[in-house]
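User: Please take a close look at one helix packing in this model. I would like the geometry, then the residues that make it, then some context on the fold.

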Amino acid sequence: MPSEDVRLDHRIIAGVVEAGSKILDLGCGNGDLMYLLAREKSARVQGIELDEAAIYECVKKGLSVIHGDIEEGLREYPDASFDDVILNQSIQQVRKVDEVFEQALRIGRRIIVGFPNFAHLGARSMLFFRGTSPMTKSLPYRWNDTPNVRFLSVTDFKRFCVEHALRILESHYLGGTKEVRFWPNLLAKDALFVLAKP
Amino acid sequence: MTKKGHPVGVVETQYLTFAGGAEPLRLESGKTLGPVRLAYETYGHLNEDRSNAILVLHALSADAHAAGHFKGSRDPGWWDAMIGPGKAFDTDLYFVICSNVIGGCKGSTGPSSLNLKTGKPYGLEFPIITIGDMVEAQRHLIDFLGIDQLLCVVGGSMGGMQALQWAAGCPKRVRAVIPIATALKNSPQQIAFNEVVRQSIMADPTWREGNYYDYGQPERGLAIARMLGHITFMSDQSMEEKFSRRLKNGNYSFKFGADFEVESYLRYRGDNFVKRFDANSYLYVTKALDYFDVSNGRLIGANGCEKIRFLVISFKSDWLYPPYQSQEIVKELKRKACDVTYCEIASTYGHDAFLLEVKEQTNLIRPFLDKTFHGYEVAEYAI
């Protein structure tokens with residue numbers, strides 16, 4: 001049985017992914033998500049990750065992972081190589097966002113994107129009441145040591161999808177332990193979208 | 001249970017002779033070679049269904065003695081830290097074979113071997129050997145050992161080229177390939193270094209157009225060639241750490257002696273090499289490196305190689321075979337949608353790192369082999 005301590009976003013992604021799919025996880029970290037998808041969805045998973053220590057973690061789990069930058073590492077894949085390309089909690093650290101989405105759509109049938117919502121109530125109140133850059137569970141870094149270079153909200157991302165003609169197949173808004181039903185741009189700590197070409 | 005990192009113990013080099021009769025080995029150059037002798041060692045045991053064999057391939061000047069020690073000697077093999085019970089290539093689990101190369105001088109047929117037609121050593125009569133020819137000879141060995149499919153082929157530097165050649169030439173006979181600190185092809189810079197190496201040997205008058213076997217090695221030329229090699233095996237940083245500008249005798253001699261420790265190190269390495277490696281073999285083996293080229297789609301053809309798993313390893317400070325060349329291998333594998341893992345280890349040892357970074361390589365290789373051997377146990381239920 002799926003264990004209780006599986007992260008909510010991982011649980012949702014595992015629900016979205018079809019059994020036996022070919023998956024590319026961009027910014028796969030220590031491989032927890034890939035491991036889940038490989039074991040429970042029989043997915044054939046491949047990861048790309050910049051951090052060397054995380055590479056050893058992935059290999060230890062028996063996963064295939066490429067040490068490198070996702071901004072540079074997508075061009076060689078043939079068209080439609082994967083069923084799903086996952087960008088979970090990595091898009092906020094990407095500079096060439098447009099290019100990564102363009103490549104991800106070329107090589108994958110769908111894109112699964114998860115990111116912290118910068119317009120969440122907690123972040124807003126830190127800005128409004130304290131006048132400081134938000135530091136929340138989803139945005140845990142101080143301004144001077146954050147790896148994040150993009151700060152986006154649910155509304156920002158929906159607008160991005162319209163501008164780039166991305167079809168939203170599914171949207172999930174995450175509170176702490178369960179999904180949020182109302183006012184996602186205010187109440188969701190993280191958002192998760194499943195996208196496809198128009 | 002064996003202890004972690006237990007040594008292999010006493011080993012013996014073995015020899016296979018083949019292609020002696022009417023069917024000599026056909027070489028890429030169009031020439032033939034026979035009979036052919038190939039030196040190899042084995043560690044561990046072949047399992048019943050012959051599915052646990054790993055072929056280890058060595059770099060430029062090494063030999064079949066990869067692990068353990070010979071009777072009466074305490075010198076371990078060149079990759080002893082990686083091969084043995086509980087090590088990266090665990091001999092409690094796998095049957096490890098290390099094969100020498102033809103063209104060399106470490107027990108396999110090469111330019112210093114006796115040419116049966118003339119009764120003298122081949123010298124430059126020896127045909128030019130390619131990495132493909134080396135692998136073809138190794139294929140005879142694997143056939144002889146009764147192994148249809150190798151679990152893994154692995155090597156660093158020139159050994160990595162042989163491993164890639166196995167994938168390119170015999171894709172159905174390997175399940176996994178681990179090319180380390182290597183390339184799809186030598187760059188002009190690498191060819192240039194090799195050319196200086198060869199010119200250094202050939203410029204020594206005692207080389208005598210390769211016919212020096214009655215007189216002794218062209219020592220100066222070969223030693224200088226090896227000195228150049230050692231510079232390329234280290235990194236700027238590792239040389240700084242190892243030697244800095246330390247002086248051998250505390251003061252400048254104001255002569256052309258070896259003042260600096262780095263100078264005496266290179267001289268020592270050069271002089272030592274002359275005792276253990278044949279000058280003509282150095283010419284032949286460096287030529288094989290330069291001719292190797294599996295770029296432009298030649299690594300992965302359309303014959304089932306997409307099933308091979310790859311673990312590509314490079315080292316950050318390696319400027320002889322820099323990480324970009326390993327990334328070229330990875331790109332080639334991505335184009336063919338192959339299963340590939342790649343790691344650039346943040347080592348400061350330069351090209352020599354594949355012999356020295358034991359812990360990091362072990363952390364990659366052990367689980368990679370385990371996954372290749374056992375595969376996943378995928379849960380039957382959906383989430």
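Analyst: Helix axes here are lines fitted to C-alpha atoms over the stretch in contact, and the angle between them runs from 0 to 180 degrees between N-to-C directions. The model is a predicted one.

The packing in question is in chain B. Helix H1 covers residues 131-144 and helix H2 covers residues 158-169. Their axes are 9 Å apart and meet at an angle of about 75°. Angles of 65 to 115 degrees count as roughly perpendicular, and H1(B) and H2(B) are therefore roughly perpendicular to each other.

On the H1(B) side, the contact is made by B:Ile131, B:Gly132, B:Met134 and B:Val135. H2(B) contributes B:Met161, B:Gln162, B:Gln165, B:Trp166 and B:Gly169. By type, five of the residues in this contact are nonpolar and four are polar, with no charged residue. Gly is counted as polar in this division.

For context on the fold, the description turns to chain A. Chain A has seven helices and seven strands, and from the N terminus on its elements run α-β-α-β-α-β-β-α-β-α-α-β-α-β. The C-alpha trace of chain A spans about 45 × 35 × 35 Å along its principal axes. A compact globule of 198 residues would have a radius of gyration near 16 Å, and the 16 Å of chain A agrees with that. Of the 198 residues of chain A, 44% count as buried. Among contacts in chain A between residues at least 6 apart in sequence, 62% join residues at least 24 apart.

How values were computed: Residues numbered from 1 in each chain as written. Chains lettered and ligands numbered in written order. Predicted model: local features only at pLDDT ≥ 70, side-chain atom pairs only at ≥ 80, totals over all residues. Helix = DSSP H or I, 4+ residues; strand = E, 2+ residues; numbered from the N terminus. Parallel < 35°, antiparallel > 145°, perpendicular 65-115°, else oblique. Contact = placed C-beta atoms within 7 Å. Rg over C-alpha atoms; globule rule 2.2 N^0.38 Å. Buried ≥ 20, exposed ≤ 12 C-beta atoms within 10 Å, placed from the backbone.
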